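Dear colleague,

I am handing over the structure below, and my notes on what was found in it follow directly after. Please read them alongside the coordinates when you have a moment.

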Amino acid sequence: MRIETVCGRKLVCGHIYPTNEIKVGQIWAAADGSDRTVRVLKVDGDWVEYEWQELGKTISHEKLAFAFQCRYCLVVE
């Protein structure tokens with residue numbers, strides 16, 4: 001696990017959290033270095049539901065916790 005500054009945010013990189021450590025309301029950032037952030041809405045078993053803003057609309061989606069963490073990094077700042 002390491003903390004990296006990406007797009008002015010401190011992100012946890014190189015770490016997969018146990019699903020029970022992913023919490024509603026947490027902000028996660030895209031792992032590809034873009035400036036997109038998402039907010040966790042719900043954690044149900046191994047599934048994480050999250051939302052983001054795009055073109056003035058709120059979009060939500062869900063992924064398995066592992067897949068979610070491969071796409072997003074926890075913002076710790």
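Predicted model: local features only at pLDDT ≥ 70, side-chain atom pairs only at ≥ 80, totals over all residues.

The side chain of Arg39 forms a salt bridge with Glu51, the closest N and O atoms being 2.4 Å apart. Since Arg39 lies in strand β4 and Glu51 in strand β5, the pair ties together parts that are 12 residues apart in sequence. Glu51, for its part, has a relative accessible area of 19% and therefore counts as buried, the cut-off being under 20%. Glu51 also has a bridge partner in β6, namely Ser60, and eight bridges in total join β5 (residues 47-54) to β6, the two running antiparallel.

These strands belong to an open sheet of five, in the order β6-β5-β4-β3-β7, with antiparallel pairing. Because β6 (57-64) and β7 (72-74) stand at the edges with a single partner strand each, one side of each is left without a neighbour in the sheet. On average, and with direction ignored, neighbouring strands of this sheet are turned by 40° against each other.

The count of salt bridges comes to four, and another of them joins the side chains of Asp32 and Arg71 at 3.9 Å, N to O. This pair links distant parts of the chain, 39 residues apart, with Asp32 in the loop between β3 (27-30) and β4 (37-44) and Arg71 in helix α1 (residues 65-71). Asp32 is exposed at 55% relative accessible area, whereas Arg71 is partly exposed at 28%.

Methods: Residues numbered from 1 in each chain as written. Heavy atoms only, no water. Pairing = 2+ DSSP bridges. Helix = DSSP H or I, 4+ residues; strand = E, 2+ residues; numbered from the N terminus. Axes fitted to C-alpha atoms, helices over the stretch in contact; angles between N-to-C directions. Buried < 20%, exposed > 50% of the residue type's maximum accessible area, 1.4 Å probe, protein only.
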